[in-house]
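Okay, everyone, thanks for coming. Let me put the model up on the screen and then walk you through a few places in it.

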Amino acid sequence: MNHVLLSIMRKEFRHIRRDPQTLAIILAWPVIMLFLFGYAITMEMRQIDTAIVDLDHSPQSRAFIERVTSTDFFNVTAVDIPYNEYEKVLMERKARCILVIPQDFARKLQKNPRTKIQLIIDASDPNAANYISKYFSQIAAQYNFAHNRIDFIPFTMESRLLFNPDLKSQYFFVPGLIAVILLLISALLTSIAIVREKELGTMEQILVSPVRHYQIIIGKAIPYTVIGFIDAIIILAVGHFWFKVPIEGGLLLLLGTMIIYIFTGLSFGLLVSTITTSQRVAMMAALVSTILPTIMLSGFIFPVDSMPVIFQYVSKIIPATHFLEIIRGIMLKGVGFGELKTQIGYLALIAFVLNAISIRKFKTNLEP
Amino acid sequence: MAESNTNPILINNLQKSYGAVRAVRGVSFEVQEGEIFGLIGPDGAGKTTIIRIVVSLLAADSGEVLFKGRSVGEHIQFVRTNVGYMPQRFSLYQDLTVRENLDFFGDLFKVPLDVQRQRREELYAFSKLGPFENRRAGQLSGGMKQKLALSCMLMHEPDVILLDEPTYGVDPVSRSEFWDILKKLAERGTTILVTTAYMDEAHLCDRVGLMFDGQLLALDTPSALLKQFDKPLFLVESSRPHETYTALKNADFKGEYNLFGNGVHISAGKDFSRNKLIKLLEENRIEYKSIRPVQPGLEDLFLELQRTAAS
Amino acid sequence: MTENNYAVTAENLTRKFGSFTAVDKVSFAVKKGEVFGFLGANGAGKTTTIRMLCGLLQPTSGQATVAGYNVYTQYEQIKMNIGYMSQRFSLYEDLTVRENIEFYAGVYGLKRKQIKQKTEELLTYLKLWDQADMLTVSLPLGWKQRMALSTALLHDPDIIFLDEPTSGVDPDSRRNFWLLIYELADKGKTVFVTTHFMDEAEYCHRLSIMRDGKIVELDEPQRLKQKYHADTMQEVFLNVVNEGGSDK
Ligand SMILES: Nc1ncnc2c1ncn2[C@@H]1O[C@H](COP(=O)(O)OP(=O)(O)OP(=O)(O)O)[C@@H](O)[C@H]1O
Ligand SMILES: [Mg+2]
């Protein structure tokens with residue numbers, strides 16, 4: 001194998017070893033994020049303050065309420081409040097939603113399966129509102145099921161709910177986090193590793209040696225790929241064993257696609273490093289251009305399908321969009337290589353384009 | 001004694017270690033008002049450590065350090081507001097222009113604008129940076145950066161300043177003009193503690209402390225120090241000084257001999273004479289152009305002290 | 001070919017940064033085995049010239065060859081034949097002396113066994129055994145510079161560019177450094193060196209003095225001293241540089 005490349009890699013590993021603080025942060029950070037997402041910033045909600053107005057007082061309505069209160073999603077804080085106080089209750093945050101069972105609930109239920117229940121949700125937090133409505137749809141569905149109805153109360157469900165029957169948000173954020181963190185680590189570390197040498201002046205010495213630029217680039221990229229990979233495995237392990245996220249599909253396929261994805265991140269970091277000259281700028285650029293789009297536009301939090309059309313196009317050039325489909329597919333649905341070809345193709349294409357640009361832009365001299 | 005002492009800087013039996021390395025091992029000296037005090041020594045002798053302790057950036061392990069009569073450790077704020085300090089390899093805001101850097105430091109030290117303008121012109125005269133006023137600091141040459149850093153520090157005029165290798169990489173012309181500025185400041189009563197690797201600059205100090213291995217081996221005015229070098233010193237002029245030097249080394253010559261630009265300086269005790277020297281050179285078949293006695297400089301003394309300190 | 005007697009040649013070599021001319025039509029030729037001193041006030045253009053010769057900056061105009069290779073087109077070959085020590089210390093402070101040397105040995109394509117051997121050879125040659133496993137950051141400047149020189153010599157180049165190798169270095173270490181330079185010259189290497197120590201200038205075989213991007217003097221130290229009726233190079237330098245200051 002290429003001796004020059006080996007030397008550069010060895011040196012890069014030594015830098016990493018000499019700076020245990022940074023290494024510790026890099027390795028601990030994903031786990032911290034995971035627990036933050038898992039516990040502190042729960043995207044799923046429990047104990048939602050709920051007001052229940054039962055205008056029917058029939059056995060059926062009571063049965064339905066019973067269903068609602070028996071889950072720990074809802075916490076009943078007010079009962080049978082008068083109509084003119086609905087708004088006040090929501091305003092004062094006594095409850096975040098009000099379930100109103102109409103007077104003729106039981107009667108209508110017998111005659112006509114398409115009966116309506118009113119649900120008033122405080123939508124000032126749209127995300128929460130979204131979840132609340134989903135929980136109710138779910139409960140309604142179960143109620144219908146239990147009462148042996150042929151027709152369901154009409155409701156829509158996101159396709160992802162299908163593979164996450166318990167509504168566990170870790171099913172989303174574990175794969176999502178892997179996507180965010182892998183991209184960030186690989187982009188951030190590579191770009192900083194190169195720009196740091198520019199800033200310290202050590203690049204000058206390397207540039208007068210006969211090293212080829214691809215050797216510098218790859219020599220620096222590989223060690224950080226390894227670290228990124230270790231991070232990925234840590235999250236995967238914690239996600240699987242602690243948060244009990246399944247890995248339905250093939251582990252090898254998963255790891256393989258991760259490497260492609262990391263490579264995309266690296267290519268992006270390279271691009272950042274070729275156009276910036278200070279670590280500060282490189283870091284900002286890498287952070288802003290990876291974290292934000294990855295979290296907002298890749299489907300990590302908001303489903304791509306429900307985005308404005310223009311953002312749907314934008315999301316196509318974000319590596320995480322494709323990787324999320326891949327990793328969720330493999331982990332939650334157990335799909336195989338065949339179904340993922342398109343996404344893998346996209347990833348490879350993005351990496352190729354980024355690489356082509358950065359190799360073109362990488363300067364082998366000190367020209368500004 | 002310490003209470004009544006009003007010297008701007010007083011250091012008494014200062015000790016400082018970094019782990020197992022004893023960087024400063026019992027150093028004592030005072031710097032008087034309006035004096036230029038040069039701290040000279042090889043790399044790693046402990047000069048920077050002392051300066052950092054005086055400006056309260058490092059804490060002493062033991063010993064007394066007084067700044068204007070107050071203990072540095074207990075009056076950190078007082079020290080920092082009254083001292084001018086230029087660290088070694090001080091780098092500026094690379095993305096600001098020469099002028100912006102100067103203005104920033106002027107404002108930082110709350111120097112009135114008209115004084116700033118006047119000082120800037122004075123400093124341009126020494127640094128020759130005037131024509132490059134609008135160039136980013138990052139695009140200056142190495143020496144120009146150093147001169148800009150110096151100028152920034154000199155935008156204000158505290159009455160005590162400490163400079164750690166201020167003339168690193170500065171060319172001879174600017175160095176001599178920089179020292180003119182220091183002289184002027186000292187005449188106005190500014191106290192200056194400076195380190196340098198240039199022995200010609202050491203000659204310009206009022207007093208010089210020679211440090212080796214964390215200890216002060218000699219301290220006096222340059223002329224008094226040179227009296228310590230009380231043996232005859234000869235210059236063996238040669239067009240290839242290093243060959244002369246190497247020949248002496250190969251001959252296992254026991255005296256002192258050092259490479260200089262125009263030849264080798266040789267001394268070997270009080271009774272070393274021109275005749276003995278000629279004999280030595282001829283015995284070893286060392287070629288030379290001429291031999292003449294020379295006045296020893298601080299560089300000779302430094303090299304001698306370093307050799308004795310090492311052995 | 002006459003060029004073969006020269007390690008470095010420059011013909012009207014020019015470099016501009018925007019509208020500012022940092023190096024202005026300099027011409028010179030450095031013979032093989034020569035210790036060539038490159039003097040000049042701060043900002044005169046020394047580093048810029050060296051960087052052009054080492055392939056780090058592109059000339060705006062003019063011609064130059066290093067080891068017979070053209071700086072415009074053959075910089076890959078040039079890089080194999082030169083050693084370079086930049087003005088700013090440019091080795092890794094978070095690595096040890098040995099690791100730095102090993103790294104550059106690898107960069108120059110040495111094989112594992114060669115790396116080991118070469119590292120030991122250099123550590124002995126530079127008397128850095130005691131410091132071999134110390135982090136570079138904790139080394140005194142004089143040793144750092146010696147180590148920087150050693151890495152610049154790893155691939156046994158014929159031409160060595162040293163940009164202010166002794167700035168900030170104490171009198172004793174400076175002398176040791178110059179003895180190393182002489183040893184190299186005695187082995188037939190060409191040394192291209194800048195310095196602000198005027199006594200060191202006298203050690204050079206030939207000197208050039210730059211002012212405002214131009215070479216204004218180029219001769220042996222001895223003859224320059226005669227020309228300016230000066231005892232030391234310091235006087236010569238002040239004369240040359242101040243002359244420019246007054247007639248401007
Ligand atoms: N990247 C750049 N952009 C603009 N100007 C530059 C750049 N690099 C150097 N210069 C300018 O070119 C001139 C020559 O710089 P150079 O570094 O060659 O000087 P030098 O002779 O090495 O000086 P020193 O003795 O201080 O090291 C200076 O005026 C400097 O400001
Ligand atoms: Mg320079």
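I'll go through chain A, then a metal site, then a helix, and finish with some aromatic rings.

Before we zoom in, keep in mind that this is a predicted model.

So, chain A. It's divided into domain 1, covering 3–41 plus 168–366, and domain 2, covering 48–147. Take the centres of those two domains over C-alpha atoms, and they're separated by 44 Å. The unreviewed UniProt entry marks transmembrane regions in this chain, among them residues 221–243 and 344–362. What do those two look like in the model? Residues 221–243 of chain A are 96% helix with 0% strand, and the end C-alpha atoms sit 31 Å apart. For residues 344–362 of chain A, it's 95% helix, 0% strand, and 26 Å from end to end, again by C-alpha atoms.

Now over to the magnesium ion, ligand 2. Which atoms coordinate it? They're OG1 of Thr47(C) and OE1 of Gln87(C), at 1.8 to 2.2 Å. Thr47(C) comes from helix α1 of chain C, and Gln87(C) from the loop between β6 and α3 of that chain, so the pair ties together parts 40 residues apart in sequence. Both Thr47(C) and Gln87(C) are buried, by the way.

Next stop, helix α3 of chain B, residues 98–108. Here Val98(B), Asn101(B), Leu102(B), Phe105(B) and Gly106(B) are buried. Why do we say they line one face? Look down the axis of α3(B): the buried residues fall within an arc of 135°, so one face of the helix is what they line. And what covers them? That includes α4 (113–127) and α5 (142–153) of chain B. After α3(B) comes Lys110(B), with a positive phi near 55°.

Last topic: rings. Over all chains, there are 30 aromatic pairs. One I like is Tyr198(B) with Phe197(C): the ring centres are 4.4 Å apart and the planes are at 20°, so that's a stacked pair. Each partner lies in a loop between β8 and α7, Tyr198(B) in chain B and Phe197(C) in chain C, so this pair joins two chains. Tyr198(B) and Phe197(C) are both buried.

Compare Phe36(C) and Phe192(C), where the centres are 5.3 Å apart and the planes are at 40°, so we call the pair tilted. Phe36(C) is in strand β3 and Phe192(C) in strand β8 of chain C, so parts 156 residues apart in sequence get tied together. Phe36(C) is buried at 0% relative accessible area, and Phe192(C) is buried with 0% too.

Key
Residues numbered from 1 in each chain as written. Chains lettered and ligands numbered in written order. Predicted model: local features only at pLDDT ≥ 70, side-chain atom pairs only at ≥ 80, totals over all residues. Heavy atoms only, no water. Domains from an automatic or database assignment. UniProt positions renumbered as here; feature names shortened; annotations may be inferred. Helix = DSSP H or I, 4+ residues; strand = E, 2+ residues; numbered from the N terminus. Donors = N, O, S within 2.8 Å, 3.2 Å for Na, K, Ca; no water. Buried < 20%, exposed > 50% of the residue type's maximum accessible area, 1.4 Å probe, protein only. Arc of directions from axis to C-beta. Contact = heavy atoms within 4.5 Å. Phe/Tyr/Trp six-rings, centres within 6.5 Å; stacked < 30°, edge-to-face > 60°.
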